[in-house]
Every structure is written in structure tokens, then in C-alpha cells.
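Work through these exercises with the structure in view. Try each task before you read its solution.

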Amino acid sequence: MSALPSLDEDMEQGLTETASDGLAGPAVRRARAWLSRAAEPGSVAFWRFVEDVGPVEAVRRLRSGRAPDVVRALVGARAGQDASPADLLRAERCAARLVVPEDDEWPAHLLHCLTLATGEEPDDPRHQSPRATAPVPPLALWVRGPARLDELADRLVAIVGARASTAYGEHVAGELGHQLGERGWTVVSGGAFGIDAAAHRGALAADAPTIAVLACGVDRAYPAAHGVLFHRIAESGLLVSEWPPGAAPLKHRFLVRNRLIAALTQGTVVVEAAARSGAQATARRAQKLGRQVMVVPGPVTSAMSVGCHELLRDPELGAVLVADAAHVVETVGRLGEDLADPPERPTGLRDGLSDLAVRVLDACPVRNGVGPERLARVAGCDVLDVLRVLPVLELADLVEVTDGGWRLARAVRAGEGRG
């Protein structure tokens, strides 16, 4: 079986594991490009094999049939193929690039949670978590867009939710995306219909970068109706995928990519979710990875909020109720710095009054004035207390004196001060 074209040549030039200017050598990049197509993400055994022997040696052993059986079974007939030159060329043509763990741009501190979670998984595939939820770090990331992953990594928030979203959910997701973008945070989502798209558009409306993590190649628009949206995201933010250019959006890949959405952020906000949904699964994965889960409550009559309320009711999840971006930033931001302002409360004419003053005010008639003795009987206090309080109420324009005694002032009689 022939060796991977140009891989040995790169090694002869000493360009394998060494890096220059923060970039991996060409042999490492070629090897990881080959691996990204050779096996589906989510296999603990495959990831450990590559980590143990290195990407270049992993490719050599796979192509020569010297890899462990469990690893070779994951690659199958792909071992005899080499699409990496075409994949790298296709990425270049759509202004995309391959980011690998050997690059400075690699968000190592965010993805470390996947490494820790993988350490708890058994090697034997028969005893591993289902592939769709296996917490395995990516071998490489195909990235399209001008932003750098490492520069955005400190202020990333995922916003996820139902595809069949309601007008309420889309409004909230759009507002969250816009408000977070204005505060310098980057929204991460999956580019799907519904909540995902609303969150991306909200961030774009704030002229902020946003990241769409895809279940297909970064050169493909799925759903097709989001072609314009993905183009706008790629102009200022990032399209990210574990699959090489041209890869199809197969059904199982959506659940696999959800672990990346959870891992690449400081926290995940669930805006709407049905009783059984991918958004719920993403939230629970985020919690297992040590990320903060935040949930937007919805109408109790809405089927699209059932999942949200179940997440809030789960004591083990530790989900935080959020209603706006200030709540989100306070939850995942810097301790003591990113605090949410208390909600504004409407002020009333009675604010700041003592209990005694309120009782005397309530005792005052609307039309005909009465004397202090009458007010004292109605308010249940001494006449001296009434006489001490009435000047204070008069200065506050709450009562006025007439020929017959004291009554409510005009503003209060108009309904501005009662209740």
C-alpha cells in the first residue's frame, strides 16, 4: 500500500512536529486533515490512539494496516484513500483553514474539559458512552472566517433551542444575541432554524462576531435557506466544523457536534426546548463538562418551554434562570465585575412613607375634609400622631387642608397614589 503522498517528504524536511510562527508543520496539518475524514468524531479509542502515537505516525500505521483492530475498524476502506490535498485545497478556495492542536489558535483551555471527560471513558467501544454523546476532543477544526478562535475564547456563550420555535422564543434569542454582542460577548450556536438563527442574527445586528458550529463542511450551507446567514457569519465571525469541506450533514453528526457547542463556551443558554430535544441534551452535556447552564423560562402552556422548565426543576443540573443578557453575563462573567443591575421598579407617591403615615393617608376622605380626631379614629392611632404626620403628608402633596379639615390631594384623588 502506498504511503500518504508528500507526508514522507515533509518528514524528510523536518516539518513534522515542529511549529513556526504559531503554526503546525505541514506534515502534521496534512495528517490531521487526513484523520478528520478517515474517522467520524466521537471515538475514545481513536482519539487516544492519535494522542499516543501522534497524528503523523497514526496515519502511517492506519495506511499500512499496523493500527489496533478497534481503530482500523473505525476507518475501514477510507484507510486506502487520501483526500487531504483536495480537502485543504477546497478549504483554501472558500477562505477556510484547518486549525489543529499544534497551532496557537487552538482553544486548548476550553477544549481541555473534553480531555478530562474522555479520561473517564473506557477504551472498549462496547462499554463507552453512545457515540453521539461521547465527550471526545476534536482532532482538528475546519474554520472559515476572519476571527481567531483563541482571541474569542474568553467571552463565548452558547444560545441553543428549538428549531420549531415560537415568536416569543425567537424574540428572546434575538435580544440575547444582540445584547451579548453589544457587551463584547460572542454568541455560539448551531446555525439551525429557529432559536439558533435568531441568536446569530441578533449578534450580527449588533455588529458582533458570532460562531456557527456545523455538522457538515464549512463550505456547505445547511439548511440551504441559511446560505446568506452563513455568508454574513463568515464575514466577521466563524463557521466551525470537525468535518472536512464537502462533508454532508448526516443525522448523527448533529448530536456529535453539540458537545463542541457546549465545550467551546463559558456557558449554555437554553431559550426554548421541547420535552425531548437536542437543546436539552446540549445543556446536560455542558453541565457534565463543568459549564454553567442557563435557562429562559417560558409560558407554562407552551410545549416549547416544557424542556426549559424541566431543566430548571432538576436540582442536580444547577441551572440558573436568566431573562436577559445582563443575567447571562453576571452568571458567566468576571466575579464581582459583570454584575446585573437590579430591575427598575415603578415609583409611587407612597414610597418612603412610614406605616403610620400610610394609615393616616388611607384614612383621609376623597371629597370632604375631616378633622384630626376623625382621622385618628379611622387610622387607629392617637390624635397627636395624626397631627405629627399630616404636615409631612402635606409637604409631599399627598393631602390638602380645606375649610372642613383634611382630605386627599388632587393627584392622589386622581388615582396616582392609592393601591
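**Exercise 1.** State how exposed Arg 78 is, then find its salt-bridge partner.

*Solution.* Step one: Arg 78 has a relative accessible area of 33%, so Arg 78 is partly exposed. The classes are buried (under 20% relative accessible area), exposed (over 50%) and partly exposed in between, with a 1.4 Å probe and protein chains only.

This is a predicted model: local features need pLDDT of at least 70, side-chain atom pairs count only at pLDDT 80 or more, and totals for chains, interfaces and linings use all residues. Residues are numbered from 1 along each chain as its sequence is written, and side-chain values use heavy atoms, leaving out hydrogens and water.

Step two: the partner is Glu 40, with the closest N and O atoms 4.0 Å apart. A salt bridge needs a side-chain nitrogen of Lys or Arg within 4 Å of a carboxyl oxygen of Asp or Glu.

Step three: Glu 40 is buried, at 14%.

**Exercise 2.** Explain what the salt bridge between Arg 37 and Asp 87 ties together.

*Solution.* First, check the distance: the closest N and O atoms are 2.8 Å apart. Next, locate the residues: Arg 37 lies in helix H2 (residues 26–38) and Asp 87 in helix H6 (residues 84–93), so the pair ties together parts 50 residues apart in sequence. Helices are DSSP runs of H or I with at least four residues, numbered from the N terminus.

**Exercise 3.** Count the salt bridges.

*Solution.* Apply the rule from Exercise 1. The count is 17.

Key
Helix = DSSP H or I, 4+ residues; strand = E, 2+ residues; numbered from the N terminus.
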